[in-house]
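The following exercises ask the reader to work through a structure step by step.

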Amino acid sequence: MTTVLDVAVVGAGINGATAALFLARGGMRVALLDRGQICRQASGVNAGTLTMQMTRRALIPFALEAHAMWASAAEWLGHDVGVVVCDGLSLAFTDGEAQLLSERVAARREAGAPIDLVDGKRAQAIEPGVSDKVLLAGHCKVDGYANAYLTGLAFRRALEREGVAIMENRPVTGADRAQGAWALLTPEGTIRAKRVVLAGGVWLEDMASWFGCAIPIKVLINQLAVTERMPVAMRTVLGIASGLLSLKQYPHGTVVIGGGWQGLGDRVAGPRAVIPENLVGNVRLACHAVPALERSRIVRAWLGLEAETADALPAVGALPGVEDVAMVGSIHSGYTSGLSIARHFARWLLGAPLHPGIAAFDPARLVVRPGAR
Amino acid sequence: MTETIASRADVIVLGGGPAGMCAASAAARAGSDSLLIDENSQGGGQVYRAPPAAFAETSPGAFGPDHAIGASLRLALADSGARTAFGCRAWSVSRDVGGAGFRVDVCDDNGLKAWRAPALVVATGATERVLPFPGWTLPGVHGLAAATVMLKAQKLLPGERVAVAGCGPLLLAVAAGIAKAGGKVAGVIDLASVSDWLRVLPGALSRPDLLARGAAWVAGIAAAGTPYLRRHAVTAALGDDRVSAIALSPVAADGTVDRASQPLRIDCDALVIGHGLVPNCDVTRILGATHRYAPADGGWIAVRDGDMRTSIPGLYMAGDGGGISGAAAAALQGELAGLAAARDLGALAAQRHLDLAAPLRRRLGRAMRFGRAMAGLMVERPGLVASIPAETPVCRCEDVTRAEIDQAVAEGAREVNQVKAWTRCGMGPCQGRMCGDTVAAVVARLVGGRSAAGAFTARVPLRPVPTAQLIGSFDYADIPIPRPAPL
């Protein structure tokens, strides 16, 4: 008779890792499984942006909370993730963009984000690196970035200290219900747990299918690029009104260029190829925003998979019709908001009432064929 | 407004060394529209590098036998009808979306261009392995292969008193080249012993001409009274702002440094050092071909058949990039790849292909015996990897030491990409092209071998691209910005 854990969390990105951490701190015996390694997919390869200005309106309260969590990671996580808190600007270069920006800033302000509209001159005063072609900018003092590639190391150390059983390179192939517990099937044997948490990012669709639930998850293939180290070109986080640019310079001098321009890939094969036109377009946009970037070299481009539900809002809560299985994921700009949403989710599993804002993210709304088990 | 201009060919050949030149020529002669792309201004690659036009040839044969071979390959290429794009940086390779075949994106001073072809021959050669030692980042320390570029392309000596160290035939070629160019060789420091060289003699006998040339190099070094230390390794480059001396110690057959014996010292103002060649298979890895780790071939190589076909239809790998086997073998592999591409495209009838390929295969067998014998002298020596001191930087771009890599593994990293994320090693401008093989060797010792340790994920751009060149001139209104993200 193998041990029955309290919770098995499948998927070790920041949602799964955060949930596992707080569940363990709440006294549960927890295993964290991943078919790869901790935070090596979207949570480790994203652009690290921690901004309100690319966050969906409905997620602003969680993004604000998570921003504070990232900024204080050394205290509650125990390890720094290279977080820099700085000002952020969302830029508009055309009248159309200015209109879009005004609408979006108003909506995000209403949701609680402290964003002000400033003119181009003021934007240049805030960020001297920015182009003189800016007409209007959204300015937010709650912004910043993390070093996404350090996320896995920081969480590993914290999870080990809390006694979470870290099971990397452990793909789950399915689940069985026996003697009031779930048995997760893996090539290296079965993991038994009273409850299962699915935190698989773009793979949530496959995970839900183990339990007979059909929840379609769209896969975005986000392209990113980085320059070599260069002299200081900027000190803020920059984006544009449409959300299709993210730009920041790390303390070591490299500039990461992102914004969600699409590459090639899928959930089965993973990221496949950078689309050259999209890289060129993304880099042109970056250089239009910060002209000094023209004097650098691009050394690497890569891809990360982002999950999106049918309504582009998260999937958080119980799997409908399936006993003792819940999911947390598909959070738009999830690196910014995931920490707080996953913590609320863990508190709920530990017995607290579900945060009302999160109740709106019930996975039941996304099911196209209800649970069969 | 500079935009991506698209063009087509039947066969694209990446790399203008012997393999690439012969592949492009062979495919063109067989009736395929072939295009050779290389960032240099002429064909030749490293071994057959063309001297700049300014270096007028004063007498026939003044540049040696390699120059004559290179000149004849360049002539054959020009006569074949193959198109060429020299001075052109290929920065991206991908499978062509919505069409069978491949896409190669290039940039030069004229802007961006995308080439498409149903067949792609990869002839990207090798990169140099330099195992780190204290002081290896000092100015005045160069790679052995880098020294050949200095000598051939620029007639430049690395220094006035140059120590030449490492292993393999390049060691002798560079020492002889420095002496011939009027430089002083302060010493030759060879990881191999006399018996190591004798062990490869049977294979080397397949090319008596090259063997004789090597013997002449050795005789020349001896005649000049240059110290020749066998079974020794450089354990440190010494100096304040540039190298002024090196320390040496004896090594075991596997490269393990004998720290017990008193180190020797040689004064010099430059050190050229190389520990072998590593196949450059970035392109086939980006495209997803099947690879295997083959230490005798120099490292990770694309799996291929006798006609240089990789596991991906239409993708061929010729020359040292498919396993270290030397310039003569590379030329023949290139020709085979070019013929196979033409046959697979239907330009060459099956029987005609067999008739043309058969004699090439026989010659390739002989060339491979020599090339593989030399490659045997250049394999990675595990003891030398184990001897890298803890405080020595392995990743010189990001200044990551051996100890930091060991620490990442001790904390649970199990393969090189995880080590990279935790330490930044391999994240600099060279993107691990210099340190990747060493990092993998260091990690492999701790995680149970090279296959477990893996390799840094290969990504575009294939070379760092100047941003200004990548973006060209553009109007903001023409940037195809995708539709806004949801609010």
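**Exercise 1.** What distance separates the centres of domain 1 of chain B and domain 3 of chain B, taken over C-alpha atoms?

*Solution.* The model is a predicted one, in which local features need pLDDT of at least 70 and side-chain atom pairs count only at pLDDT 80 or more, whereas totals for chains, interfaces and linings use all residues. Residues are numbered from 1 along each chain as its sequence is written, while chains are lettered from A and ligands numbered from 1 in the order in which they are written.

Step 1. Chain B is divided into domain 1 (5–127 + 278–375), domain 2 (130–275) and domain 3 (388–453); such bounds come from an automatic or database domain assignment.

Step 2. Taken over C-alpha atoms, the centres of domains 1 and 3 of chain B are separated by 31 Å.

**Exercise 2.** Determine which strands pair with β13 of chain A, and whether its residues are buried or exposed.

*Solution.* Step 1. Strands are DSSP runs (E, at least two residues), as helices are (H or I, at least four), numbered from the N terminus. Two strands pair if DSSP finds at least two bridges between them.

Step 1. Strand β10(A) (residues 218–227) pairs with β13(A) in the antiparallel sense over two bridges, and Val226(A) has Val256(A) as its bridge partner.

Step 2. Strand β12(A) (residues 246–249) also runs antiparallel to β13(A), joined by four bridges; here Leu247(A) stands opposite Ile257(A). These two strands form a hairpin with five residues between them, and Gly253(A) in the turn has a positive phi of about 110 degrees.

Step 3. In a regular strand the side chains alternate between the two faces of the sheet. In β13(A) (residues 255–258), Val255(A) and Ile257(A) lie on one side and Val256(A) and Gly258(A) on the other, and all are buried. A residue is buried if 20 or more other C-beta atoms lie within 10 Å of its own, exposed if 12 or fewer, and partly exposed in between, with C-beta atoms placed from the backbone.

**Exercise 3.** Describe how chain A meets chain B.

*Solution.* Step 1. The contact takes 43 residues from chain A and 34 from chain B.

Step 1. On the side of chain A, α9(A) gives the largest share, nine residues.

Step 2. β16(A) pairs with β24(B) (residues 465–466) in the antiparallel sense over two bridges, with Pro466(B) as the bridge partner of Arg297(A).

How values were computed. Contact = placed C-beta atoms within 7 Å.
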